[in-house]
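I opened this notebook to record, chain by chain and then contact by contact, what I looked up. The entries follow the order in which I went through them.

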Amino acid sequence: MKAKHVKKLVYHIIVAGFAVLLLYPVIWLVMSSFKESELIFATADSLIPNPFVLSNYAQGWEGFGNYGFGTFIFNTAVFVVLVLIGHLISCSLIAFGFARLKFRGRAFWFAIMIMTLMLPYEVVMIPQYIIFAQLDWLNSLKPLVVPAYFGHPFFIFLLVQFIRTIPRELDEAAIIDGCNTFGIYYRIILPLITPALATTAIFTFYWTWDNLLGPVLYLNSPSKYTVSMALNMFLSNETVSNWGAMFAMSVVSLIPVFIIFFIFQRYVVEGISTSGLKG
Amino acid sequence: MKKSLFVLLGIMMTLWLAACSGDDSSEDATSDVDDDATEDTADDAATSDGDVTLRIAWWGEQTRNDYTLEVIELFEENNPGITLEPEYASWDDYWQKLAPQAAANELPDIIAMDLSYLSQYANNNQLADLTPFFDNQIDLTHISEDIVNGGAVEEGVYGFNIGVNAVGLHYNQELLKEVGIDEIPADWTWDDYIEMSNNAVDNDVYFDTGFQPDVFFNFYLRQHGQRLYAEDGSGLGYDDDQLFVDFFTIVRDQVEKEASPTPDYLAQLAGPEEDPTVKGEGIGVFQWSNQFVGLEQISDYEFEIAPMPGPNAEDGLFLKPSMFFSISENSEQKEAAAQFIDFFVNDLEANKLILGERGVPVNSEINEALLDEVSDSQAKVFEYIAWAEENSTEMGAPDPAGAGEIISALDNLSEQVSYGEISPEDAAEHFRNQAEGILGN
Amino acid sequence: MQTHMKQNLWGYIFIGPFIIGFLAFTIIPIIASFYFSFTSYDLFSSPEWVGFDNFRKMFTDDPRYLHSLKITFIYVFAGVPLRLIFALVVAMILNTASRAVGLYRTLYYLPSLIGGSVAVAIMWRNIFGDEGIVNIALMTMGIDPVRWFGNPTAALWMLIFLSVWQFGSSMLIFLAGLKSIPQSYYEAASVDGAGFFQKFFTITIPMLSPVILFNAIMQTIAAFMTFVPAFIISKGTGGPLDGTLLYSLYLFMQGFEFFHMGYASAMAWVMLIIIAILTSLIFFSSRFWVHYESEGGR
C-alpha cells in the first residue's frame, strides 16, 4: 500500500517536473506579456515581470484602425468552426469508403490522395488562387472553408488507419442485424473511432486557428482578418515592433485552443471505454 | 424505417456537398454581405454618377495603419463620391499576397511599393505609368524632379515617391567622447573611420554593427564613380573587382579587430532591442535615416546623425525613395487613385497625421511646415535629409528585376567573408559569376 | 455481378466528396505546376518552355540547391525518429485515466499549440541566446556555450530540437491508438504471466503498428515540407551560412523572392519524387510489420 503511494508520488514528480522543463518557453512567453514592452529584451533572463503591467493587453486588444482584437478572434472562430464541421463529416465518410469498401479504383484514388500531400503548397498556390479568383470567391472565407467539405488527406488517412484496427466481425454482425453500408458506417464505425475523430477535431481546430497563409492570400478587408494575420501586424520591419502587445495577444489567442484541447483530449482517451466494446 | 432514414441522410449530404460547390452558400454570410455590396458599388461606379470605390493596400504595423486610416477618412471627407477600401498587412504577408493578386489580375487600385520590387512589377505591365497624371491630378509644384524620378523605370514613372531616406551613421555622442573622439567631421574618410574604430577597440566598445552589404557596397562603388548594377540592368555596374576586395577587406578587418561584432554574435540577437549600439556597447549604426527614430525610441541613449565617410561622399550618397504609391494597370479608376496620391503627398493636414513616418516628405513646403510639428528625433532626420539633398547625387536607375536574387547572393558571400570562410578575392570572383548569370538571362 | 456493381457504387458514394474536391480544386493546379516545372515562369508574364533546363540546373549548376537537399535529409532522418520515439514514450507514460493526467496531457501538448507564431522565434532566440537557459545549462555541465544561431550546424540541430519539442501531434495520435487497444488483451496476457516488455512487444507494438505507420509516413512528409520554423528562426534567410536553408525555404525563395516559379515548381516535383520513393518504401515494408486487426492480423 505504502509502496504504491511512493510510486505514484515519484510518477507525479517526474511527469510534472518534465512538464515544467518543456513548458519553460511557454511560461517565458506568458510572463513576458506582463512586462513593459521595452523591458522584454532587457530583462529576458528573468521570469518575474517588474513592474507587472497589463498595458500590453489593453493595447493589443485595441487592434488596428476600427477593428478591435475581438473582431479578429470572432472571425477566426467562425472560420475554425466551419472547417471543423466540414472535416468531421467529409473525412469520416471518405475514410470509411477507403478502409471498409472494396471497389474498383480504390488503390488508385488512395495513391492520388497521398500524393496531393507531397506537393508543396507554394507551387500549386498561384493556379489555385486563379481558380478561386475566377469563381469570384476572393475576399471571402469560401476558398478557405469550402475545400474542407471535400476531405483533407491527412485526416482521411488517419481515420483509415483507425478503422482498419476494428475487427470486421462487427460489420458482419451488423449486417445480420439488418444494417446497410451506411448503417455500418454510422452505427458501428463512427462510435468506435471517437478517439480518432477527437484527434481530427483537435488538429483541425489548432491548424485552422494557426493558419496564416490561407487568410493572407484570400482575405483582403481588415474586417475579415484572422488572429494569425493580426499578430504579425504588431511587428515592423522598419521601425519599432510592439513585442509586448504581440506577446499579450499571442497568449489571448492561445486560450481558446487550450480550452478546446482540454475538452477534447478526454474523448481521445476515453472514447473506447464509453462505447461499450468488450473483447 | 431506419434504413430509409440513412439513405435519406446520405442523399441530403450529397446534395448539400454539391451545393457547396455552387457559387452561393450561406455558410459565410458574415463575409458575404459586405463583399457583394462592395462589388456592386464598384461596378456601378464606372458607369453612373461618379461614385467610386478604390482598393488601397500597404504594409505596416499598428501606428501606421491607424494614422493611414485617418488620412483616408480625411480624403473621403474632402472628396465626396470616392470611397477607399483599405487592405493592410505586415511586410512579409503583404508581398505574399501581392504576387498571386498580380498573377490573377486582382491587384488593388493603389499599391504601396518598395524600391526592391518596383522593376519586377513595372516591367511586367502590372503598374500604370504615372506621367499622364502629373500636373493634372498630381501637383508637382513643390516636388523636385530628382525625387519624382526615383520611381522611374525605363520610359515611365511607375511609383510615386512618397518619402525619402538617406544612409548615415547614427551615433552615440557621449560614448564617442568617452573613447576620445570629439566629433565626427562632415568630411571624414574611410581612413578616419578605421582610425576611430581603433579608438573604440581600445576602449572595449564596438564602433558600429557592420554594413548591410548591398546598401553600403553600392555606396562605396558610387564613391568611386561606379554602381552596383549597370544602368540598363544587364549586368554589374563596376568593372574592377579590386573595389569589391577593398570594401570587403575593410569589413573583414573590422570584424577581426572587433570594431564590429562577429557575425555569429549578431545572429544571436533576438531583435534590434538587443543591438550593442542600443545597449550602449557600441558607438553607432550605419543605416537608413528612417530607422533613426526607432533607434532613439528603443535605446536609453541619445543619438546624432553623421554623414558617410568620404572621399567623394557626395557621389556615394543619394536620396532613396522610402516608399512608393503605385497604381495598378488593371485599375479602372486611375484618375481617382492619382487624386489620392496627390492628397497624400501635397495636403498639409494629411501630412500632420503622417508626420514623416513613411520617410521625409517630398513636398518641400510641407517639409518646412512640419518642422514644428514633429518630435525632436524626427526633426534631426528632417535636418539630415535637407543637408543630404544638397550633398548627394542622383540615384539613377532602380534595382533591376532579379535584384532580389543578387542581394541574396551578396549577403551570402559577405557573410562567408565575415566568418572567414572565403577571402574577399574569391568572393569578388564568385559574386561576379553569380550576378552575371542572374542578370544575363 | 449485381452485388459487385452495388459495392462499387457504395464505394464511390463514400469517397465521392474527395473525388469532386480533387477535380474541382486540386487537379488543375497540380497539372499547372507540372507544366511550370519545364518552363521559365516569373509569375507575371506567361511561362516559356525550357525543357529539362530547370532540372539540369538543379543538379549541375546550383550548389545552394544541393546543400539545401543535404541539410533537409539530415533534418528529416534525425528529426523524425527522435520525435516519434519521444512522442511514443510520453504517450505511454500519459496513458492512464486519472484526472491529473488530463492536465498533464494538455500541458505536454502546449508547446505544439504555439506553433508557427513569431512569438516562438523570439522565445527560441531567448532560450538559445548567449545568456539563455540552454547555454547556462551547458556551462554548469562544464561544456562551452554554443552560438546556436551563429553556427550553421548548431542552428540545424536547434531546428531539430524545435521539432522534437513540438511532439504533441504525434503523441496525441499515439494516445488515441493506445486507447483503441482492448484492455482485455492485456488482462489475458497478465493472466499468462507476461511482464511489461513482453506485453509491449507482443501486444502494444503490433496493435499500434497501423498508427505507427501513419505517424512515420506523415511525419516524414511533413518534415520534408518544413518551412515555417526555418523561416521564422532565420528571419527568412536560411542563415547562418545557409545552415537552416531547408528545401521548402529555398523553394519559397526561388519562387517568391527571386520570381523563378518554374524552377521552384521543378524543385517541388523532385521533392515529390523523393518523398514518394521514401513513402513507398515505408508502405512496402509495412507488410512485414504492420498488423491490421480488420484483415485477420495480416
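What pattern does chain A follow when read along the sequence? I read it off as α-α-α-α-α-α-α-α-α-α-α-α-α-α, and the secondary structure comes to 14 helices and 0 strands, where helices (H or I, at least four residues) and strands (E, at least two) are DSSP runs numbered from the N terminus.

Before going further I noted that this is a predicted model, in which local features need pLDDT of at least 70 and side-chain atom pairs count only at pLDDT 80 or more, while totals for chains, interfaces and linings use all residues. Residues are numbered from 1 along each chain as its sequence is written, and chains are lettered from A and ligands numbered from 1 in the order in which they are written.

Entry on the shape of chain A. I found a radius of gyration of 23 Å, well over the 19 Å that the globule rule gives for 279 residues, so chain A is more spread out than a compact globule; the radius is taken over C-alpha atoms, and the rule is 2.2 Å times the number of residues to the power 0.38. Along its principal axes the C-alpha trace of chain A spans about 70 × 70 × 30 Å.

Entry on chains C and A. I looked up the contacts between them and found 78 residues of chain C in contact with 83 residues of chain A, two residues being in contact if their C-beta atoms, placed from the backbone, lie within 7 Å. Among the elements that give two or more residues to the chain C side are α1 (2-36), α10 (196-224) and α13 (261-289) of chain C, and α1(C) gives the most, with 20 residues. By class, this side of chain C has 54 nonpolar, 20 polar and 4 charged residues; Ala, Val, Leu, Ile, Met, Phe, Trp, Tyr, Cys and Pro count as nonpolar, Asp, Glu, Lys and Arg as charged, and the others, Gly among them, as polar.

Entry on chains B and C. Here I found 25 residues of chain B in contact with 26 residues of chain C. The elements that give two or more residues to the chain B side are α1 (2-21), α4 (91-103), α11 (263-268) and α18 (403-418) of chain B, with the largest share, 6 residues, coming from α18(B). I noted that the residues on this side of chain B divide into 9 nonpolar, 12 polar and 4 charged.
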